[in-house]
Amino acid sequence: MQRALLDLKPQIIHFSGHGEGKAETQQYSSFDVEEGLYLEDEKGEAKLISTDALAALFRLFANSVECVILNACYSEAQAKAITQHIPYAIGMKKAIGDRAAIEFAIAFYDALGAGESIEFAYKLGCIAIQMEGIPEHLTPILKSK
């Protein structure tokens, strides 16, 4: 991931995968879940990268990255941490199904391709989920710096 950020210098980062963590409204009784995102290591194994490590990484790329999309379950905490350094991040406040995640991404990028703002693209992504009759249109959460 670091090499891709260095080589490509993207303005938008899109992560599609799995996340761990608590939603801001979710409570755990006798245990706490470590928060982060799963990335693949050199052996092809899933490796949990902590929220703090992700925020530190994006702090280094604050001059080039404008938006990070975390199309992963329970990634709201990571989005919030990333926006300490990056103008926009989109996370999921709970689990999100594949169909909803795909509909969101298609509409989001359609809007950006049409020259719309990140805020507009986010709203269109949520509406696209709703228009497909998927009850997860409130799952994506836009965080801003």
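Lys 9 is exposed, with a relative accessible area of 53%, and that makes a handy way into this predicted model. Across the chain, pLDDT averages 90, and 90% of the residues score at least 70. One stretch calls for care: over residues 23–33 the pLDDT stays under 50.

**Confidence**

- For residues 23–33, where pLDDT stays under 50, the model has 13 contacts beyond four places in sequence.
- The chain as a whole averages a pLDDT of 90.

- Lys 9 is not a glycine, yet its phi is positive, at about 45 degrees.
- You can find Lys 9 in the loop between helix 1 (2–8) and strand 1 (12–17).
- Tyr 74 is also a residue other than glycine with a positive phi, in this case near 55 degrees.
- The loop that holds Tyr 74 runs between strand 5 and helix 3.
- Lys 9 counts as exposed because its relative accessible area is 53%, whereas Tyr 74 is partly exposed at 25%.

**Salt bridges**

- How many salt bridges does the model have? The count comes to two.
- In one of them, the side chains of Glu 76 and Lys 143 meet with an N to O distance of 3.3 Å.
- Glu 76 belongs to helix 3 and Lys 143 to strand 7 (residues 140–144), so this pair ties together parts that are 67 residues apart in sequence.
- Are the partners in this pair buried or exposed? Glu 76 counts as buried at 8% relative accessibility, and Lys 143 counts as buried at 16%.
- Another salt bridge joins Glu 132 to Arg 99, with their closest N and O atoms 3.8 Å apart.
- Glu 132 sits in the loop between helix 5 and strand 7, while Arg 99 is in helix 4 (residues 98–113), so the pair ties together parts that are 33 residues apart in sequence.
- With 41% relative accessibility, Glu 132 counts as partly exposed.

- Strand 5 (residues 67–72) includes Asn 71.
- A relative accessible area of 5% puts Asn 71 among the buried residues, since buried means under 20%.
- A polar atom of the Asn 71 side chain lies 3.3 Å from the backbone oxygen of Ala 101.
- Which residues does Asn 71 contact, leaving aside neighbours within four places in sequence? They are His 14, Phe 15, Ser 16, Gly 17, Met 92, Ala 101 and Ala 105.

**Gln 78 in helix 3**

- Gln 78 is part of helix 3 (residues 76–82).
- This glutamine is buried, and the relative accessible area of Gln 78 is 0%.
- Not counting residues up to four places away in sequence, Gln 78 touches Glu 20, Glu 35, Gly 36, Leu 37, Thr 51, Leu 54 and Leu 70.

**His 85 in a loop**

- Where is His 85? Its place is the loop between helix 3 and strand 6 (88–92).
- His 85 is buried even so, with a relative accessible area of 12%.
- Beyond four places in sequence, the residues that His 85 touches are Ala 55, Phe 58, Arg 59, Ala 62 and Lys 145.
- Phe 61 is 24 residues from His 85 along the chain, and their C-alpha atoms are separated by 8.4 Å.

**A nonpolar surface patch**

- Which residues form the nonpolar patch on the surface? They are Phe 120, Leu 124, Ile 127 and Met 131.
- Together these four residues have about 390 Å² of accessible area.
- Ile 127, one of the patch residues, lies in helix 5 (residues 118–131).
- At 40% relative accessibility, Ile 127 is classed as partly exposed.

Technical notes
Residues are numbered from 1 along each chain as its sequence is written. This is a predicted model: local features need pLDDT of at least 70, side-chain atom pairs count only at pLDDT 80 or more; totals for chains, interfaces and linings use all residues. Side-chain values use heavy atoms; hydrogens and water are left out. Helices (H or I, at least four residues) and strands (E, at least two) are DSSP runs, numbered from the N terminus. Buried means under 20% relative accessible area, exposed over 50%, partly exposed in between (1.4 Å probe, protein chains only). A polar contact is a pair of N or O atoms within 3.5 Å; within protein, one must be able to donate a hydrogen and the other to accept it, and residues adjacent in sequence count only if both atoms are side-chain atoms. Contact means heavy atoms within 4.5 Å. Patches are made of residues with over 30% relative accessible area and no salt bridge: like charges are joined within 9 Å, nonpolar side chains (Val, Leu, Ile, Met, Phe, Trp, Tyr) within 5 Å. Accessible areas come from the Shrake-Rupley method with a 1.4 Å probe; for residues, only the protein chains shown count as cover. pLDDT is the predictor's confidence in each residue, from 0 to 100.
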